[in-house]
Each structure stands twice: as structure tokens, then as C-alpha cells.
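Hi everyone, thanks for making time this morning. I'd like to walk you through a model, so please keep the picture in view while I talk.

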Amino acid sequence: MEDADLIKMWNDIEVPAISQAEMRDMIRPRNQPVLRRIRKQLIWETSFFLLFIISYYTWFDNGSKGFYMNLLMVTGFSLYVIHDLLVYRFFNRPQKGFSIPSMLRHYRNRVRNMAAITFVFRGTATFLLICFFSSSWKFDAATIWALRVIATTLVMQLAFNLRTWLRRWKHVIKIIVDYLPVNALMDDDDGPSQGLDKFGRR
Amino acid sequence: MTETEFLTLIDQHKRIIHKLCTSYRFSPEERRDLFQDILFELYKSRDSFEGRSNISTWIHRIAFNTAADTFKKKKEIVRLFDIQELPADEDEWTERRNDLLEAMRYLTDKEKSIFMLYMEQLSYEEIAEVTEMTVSHTGVVLHRIKTKIRNILNKK
């Protein structure tokens, strides 16, 4: 079989018809599944925080907390919202790079930075909120359980977020190691590329 | 580049994106999702396209990164198939076209991207630039990929 046969087969592949109107819909950020999910999360978290702030004076003993404790809470909630906005921005930014490997490397750096941002922002927010909730409760069995539930929920949420970014980062590194051409041969049993360590760094 | 200019440009080259999606994803739903993801990524990156460069390479760069980043839901089981003779009529050509796509499922993502660039009739120099390989290495790699594809197609 000649190259020309392969190219003919390739050129003759049938593709589904898609109109410009459909494509126009596809490029709308509101129709992007990932961005839509982040927007939903942002709306849910902001609504929850607002509801909490509105109601906590009557439902909890937080009205008696001092200014700095309230500041901890507001800062904690704000960090969650800012983090959501940063994630939205991450997915809404264009890709950069003049070759496939350079694009992957650039993307890997962005994912790594986002993992660090997630750790710092959500970690700090979690810490601040746990401090806030545990600051002036009169501890009895019920409040200790409530605190445990709140702390576990916040820590699990942090762990889940962090795991998502770390998995993405590891996935990109795997692709880079697989792709990098400097010495990468095509066989599956070839090792990682020269010039890269096991973390995909040059 | 305005939205209308972008859509006009993509409309002329959407076959490449469709073929990329077909190569990287197996189910129609996954292909459509990937098509949308790639289109959105291209739209966001439209200012990085310079009219002087080859649009195929620009689309491939962004499409590969998008396809590789999104996790595949599950690996489909591919069936081995056999072809003994060269196609004689149109029906057989249709079958061969599908066979080519099926054969490509045995390639790694990297091999697919290089093979597709070659199928789009880019020069070795252009492929080398997009993949950061040397021109001579590109030739070696392409030879291996084509041999692999031919072996699969000839297994029947």
C-alpha cells in the first residue's frame, strides 16, 4: 500500500455536517460544560455563604464573637469565592506555545501553579473557618459533633479539590514524558525522554 | 480576528477537527464533546494564529493538547480486522477508510498526531517544527508509524 492510498483514504473519511450556527453556539462560554460547572459551584458557594452570614446571628452564637473572629470568617469565605474565580479564569484562558511540547510544558506549569493556588487559598480558608467555628462555642457533646462534621467536610473538600489538580498535573507530565521528542522513540517500552527528569522538568 | 472571521476560517477547515476527534475518541458523544472543546480552545486562542503559518499545524497543536488533557472515559475494545486485497469499488473504499481509522486506534496519541500531520500533507520540516523533533528523526518516526499502519491493514 502506497502513501497515496493512505492519503486518499484519509481525505475520503466522511465527517458529520455541522453548521456555522451550531459552531457559534459551541464557542459560547455559557455552553462550555466545564465553565458551566464552575459557575454553578460559584453560585452555590456564594449563595451558601451569604445565607450563612445573614442567618448566623440568630442561629448560632456568632453574634457574640469579636471583630477579628468575624473577619476570619469573611476572609475564609472570600478565599473560596476568589479561588472559584481563579479556576474560572484558568479554564477561560487561551493556550500558549508554538509547538505541541511547548504547549504541554506551558500547560503543565499553569496546572502546577493552580494546584499551589488551590492548596494555599482553600487550605487557608479551611483553616480560618475551622478557627472561626471553634473559637467561642461552648463545647458540649452536640457542638463537638457539629464541629467535627464541619471540619471533616471542609478538609474533605480541600482534599478533593487538591487531588483533582494533582491528578491533572500528573496526567500532563505523563503526556509530556511520552511526547517529548528529543530522544523519545516510538515504542511503548522506551523510557522517559532525555533532558527530562521523572517529573517532566527540563 | 472577529467571531465571524473565526467561524468562516474554521468552517473551511472543520474536516481536520472532525478527523482529529474521530481519531482520538470512539463514541459519537465523546467525539462531539471533544469537537466542542477543541472549537472553544481554538476560539480562545484565535489571536495566536498568524495568517502566515499553516492553519493545520495551529489546529493540530491546540487539538492535541485539548484531546490529551481531557481524560478518556473508557478505553473501547478494538477488534482486529483483516484486509487482503486492495479495494476495487466504492464500497470497499468506504470500508478501507473506516479501517484506516480503526488501525489508528492502535497508535499512541503521539503517533496519531504525527501521522495525522503527515496525512494533511505537511512537510517533514513543518512536522518537525510542531513536534520539536529533528527532520531526520521525523522521517524515521513516520516510517515506523506507516509500517505499523500498513501491518495492521494487511493483517487480513
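Let me start with how helices and strands are assigned here: they are DSSP runs, with helices being H or I over at least four residues and strands being E over at least two, numbered from the N terminus. On that basis, chain A has 6 helices and 0 strands, so its pattern along the sequence is α-α-α-α-α-α. Chain B comes to 7 helices and 0 strands, and reads α-α-α-α-α-α-α.

Some housekeeping. Please remember that this is a predicted model, in which local features need pLDDT of at least 70, side-chain atom pairs count only at pLDDT 80 or more, and totals for chains, interfaces and linings use all residues. Residues are numbered from 1 along each chain as its sequence is written, while chains are lettered from A and ligands numbered from 1 in the order in which they are written.

Now, burial. A residue is buried if 20 or more other C-beta atoms lie within 10 Å of its own, exposed if 12 or fewer, and partly exposed in between, with C-beta atoms placed from the backbone. In chain A, 22% of the 202 residues count as buried; in chain B, buried residues make up 38% of 156.

Next, contacts: two residues are in contact if their C-beta atoms, again placed from the backbone, lie within 7 Å. Taking contacts with a separation of 6 or more, residues 24 or more positions apart account for 72% of them in chain A and 64% in chain B.

How do the two chains meet? On the chain B side, 45 residues are in contact with 34 residues of chain A. Helix 1 of chain B gives the largest share of that side, 8 residues. By class, the chain B side has 18 nonpolar, 11 polar and 16 charged residues. Here Ala, Val, Leu, Ile, Met, Phe, Trp, Tyr, Cys and Pro count as nonpolar, Asp, Glu, Lys and Arg as charged, and the others, Gly among them, as polar.

Let's stay with helix 1 of chain B. Where is its kink centred? On His13(B), with a kink of about 65 degrees; the bend at a residue is the angle between axes fitted to the seven residues ending there and the seven starting there.

Is Lys14(B) buried or exposed? It counts as buried, because it has 20 C-beta neighbours inside 10 Å. Lys14(B) and Ile59(B) are 45 residues apart in sequence, yet 9.7 Å apart in space, C-alpha to C-alpha.

Ile59(B) takes us to helix 3 of chain B, where 11 of the 15 residues are buried, including Ile59(B) and Ala63(B). Helix 3 of chain B reaches 21 Å from its first C-alpha to its last, close to the 21 Å expected.

Finally, the largest nonpolar core has 57 residues, and Ile17(B) and Leu39(B) have the most contacts inside it. Such a core is a set of buried Ala, Val, Leu, Ile, Met, Phe, Trp, Tyr and Cys residues joined through C-beta atoms within 7 Å. Beyond its neighbours within four places in sequence, Ile17(B) is in contact with Phe35(B), Ile38(B), Leu39(B), Ile59(B) and Ala63(B). Thanks, and I'm happy to take questions!

Terms used. Expected span 1.5 Å × (residues − 1).
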